[in-house]
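I set out to record, entry by entry, what I looked up in one structure. The notes follow the order in which I looked.

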Amino acid sequence: MQLGLPALPARPLAIRRTSRRIQVGPVAVGGDAPVSVQSMTTTRTSDIGATLQQIAELTAAGCQIVRVACPTQDDADALATIAKKSQIPVIADIHFQPKYVFAAIDAGCAAVRVNPGNIKQFDDKVGEIARAATAAGTPIRIGVNAGSLDRRLLAKYGRATPEALAESALWEASLFEEHGFRDIKISVKHNDPVVMVNAYRLLAAQCDYPLHLGVTEAGPAFQGTIKSAVAFGALLSEGIGDTIRVSLSAPPVEEVKVGLQILQSLGLRERTLEIVSCPSCGRAQVDVYKLAEEVTAGLDGMEVPLRVAVMGCVVNGPGEAREADLGVASGNGKGQIFVKGEVVKTVPESKIVETLIEEAMKIAESMEDAGVPSGRPDVTVS
Ligand code: SF4
């Protein structure tokens, strides 16, 4: 039986754009570093316990870099403890008050995100920020947002066009460059994926800074997932993008799951568990939706790179089940169970879920023995 982590696709979608590499704490961003997944806490940052708890949950979900808001002095005061105790690098998100940029650098945050459009007299402070960031080795993310675009550019372009977003970011970067500071990454977020994609394309053509992709205010989970997947897919398939954040009106762990899934779907991340289930149709001889849901729930938490096929009949079922690591083709009240292309048993319909989970556990154990990292599923079969 062939076990082990599957290789990433031999032919990637695109050659990565060559970007400058920066370090966000221990995580490299840009250059040939893998595209990283970020999220942002929803707790009050001043509530250190709750924030660290949420960061721990995000870390467990696969988040690699976390951003925390810093709207008050109490939040700024909490940054040092959070940055020290977090398992992943912490970026302080600063709007309005330049003094918090310095507080975040002093607190040892792995990076600071500044929104030049709404920080008072930001351009006058760039020299001072560049000196403090250089001394501490702290990268700066210039995070331009359509909703808070610099008034000068709004006047010039009339609205937050791709050109306005890109020009705003590049203008701010040029101010840092005047002080010899290039430890920068850039984001230009918009809630419209078309505007956002075009803004990043402009940026990608005009600078070598690593780019943080995001569709801002993307909406509730369903809409936000689609907008982000479409926009990130378009850009990443052109080699543009070094780190991503999916913004959802949903718990941030969901953002991480979606982000990871986008990268896995594009072949930019080794896959973990993948359920291949058919959409069902008039030929189905089993309740495919229920079966897929039960198998997904039963294997929740499994991190080994396993492809499990759940198919509703014998038309495409055996073919797909044979191609997967593990699969079932259902029919006539029974399920043919496939492991690595071979039928290992045929079980009654009521035993399909239980059997698939048992077989998945066996494969996971073999992978563990072979040194492949495995997350055991929390198995509950009713
Ligand atoms: S596998 Fe069978 S039930 Fe599922 S969609 Fe295909 S034909 Fe329909």
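**Entry 1: the parallel sheet**

I began with strand 6 (residues 111–114) and strand 7 (residues 140–145), which pair in the parallel sense over 3 bridges. Two strands count as paired if DSSP finds at least two bridges between them. Helices (H or I, at least four residues) and strands (E, at least two) are DSSP runs, numbered from the N terminus. Within this pair, I found Val112 opposite Ile140 of strand 7. Strands of a sheet pair through backbone hydrogen bonds, either parallel or antiparallel.

I noted that the model is a predicted one, in which local features need pLDDT of at least 70 and side-chain atom pairs count only at pLDDT 80 or more, while totals for chains, interfaces and linings use all residues. Residues are numbered from 1 along each chain as its sequence is written, and side-chain values use heavy atoms, with hydrogens and water left out.

I then looked up the whole sheet: it is open, has 8 strands in the order 8-7-6-5-4-3-10-9, and its pairing is parallel. Strand 8 (184–189) and strand 9 (212–213) stand at the edges with a single partner strand each, so one side of each has no neighbour in the sheet.

Next I looked up helix 1 (residues 48–61), which lies across strand 3 (36–40), strand 4 (65–69) and strand 5 (90–94) and runs at about 155 degrees to strand 4. Helix 7 (residues 193–206) packs on the sheet as well, touching strand 8 and strand 9, and its direction makes about 150 degrees with that of strand 8. For such angles, axes are lines fitted to C-alpha atoms, for helices over the stretch in contact, and the angles run from 0 to 180 degrees between N-to-C directions. Contact means heavy atoms within 4.5 Å.

**Entry 2: Ser86**

I located Ser86 in the loop between helix 2 (73–85) and strand 5. Is Ser86 buried or exposed? Ser86 counts as buried, because its relative accessibility is 11%; the terms are buried under 20% relative accessible area, exposed over 50%, and partly exposed in between (1.4 Å probe, protein chains only). Not counting residues up to four places away in sequence, Ser86 touches Leu52, Ile55 and Val66. I also noted that the C-alpha atoms of Ser86 and Glu270, 184 residues apart along the chain, are separated by 25 Å.

**Entry 3: the mixed sheet**

I turned to residues 274–360, which the UniProt annotation "domain: IspG C-terminal" (unreviewed entry) covers. UniProt positions are given in the numbering used here, feature names are shortened, and annotations may be inferred rather than shown by experiment. This span is 31% helix and 32% strand, and its end C-alpha atoms lie 12 Å apart.

A second open sheet has 5 strands in the order 11-12-13-14-15, with mixed pairing. Its edge strands are strand 11 and strand 15 (342–348), each pairing on one side only. Neighbouring strands of this sheet are turned by 20 degrees against each other on average, direction ignored.

I checked two pairs. Strand 12 (residues 307–311) and strand 13 are parallel over 4 bridges, with Ala329 as the bridge partner of Met311. Strand 14 (residues 334–339) and strand 15 run antiparallel and are joined by 6 bridges, and Val339 stands opposite Glu342. Helix 10 packs on this sheet, touching strand 11, strand 12 and strand 13, at about 155 degrees to the direction of strand 12. Helix 12 (residues 352–369) lies across strand 13, strand 14 and strand 15, at about 165 degrees to strand 13.

How many of the residues of strand 13 (residues 326–331) are buried? I found 6 of its 6. Leu326, Val328 and Ser330 are buried on one side, and Gly327, Ala329 and Gly331 on the other.

**Entry 4: the listed binding site**

For "binding site" (unreviewed entry), UniProt lists Cys278, Cys281, Cys313 and Glu320. I found Cys278 in the loop between strand 11 (274–277) and helix 10 (288–298). Cys278 is buried, because its relative accessible area is 17%. Glu320, in helix 11 (residues 317–323), counts as partly exposed at 36% relative accessibility. Leaving aside neighbours within four places in sequence, Cys278 is in contact with Val288, Val310, Met311 and Gly312, and Glu320 with Val276, Ala309 and Met311.
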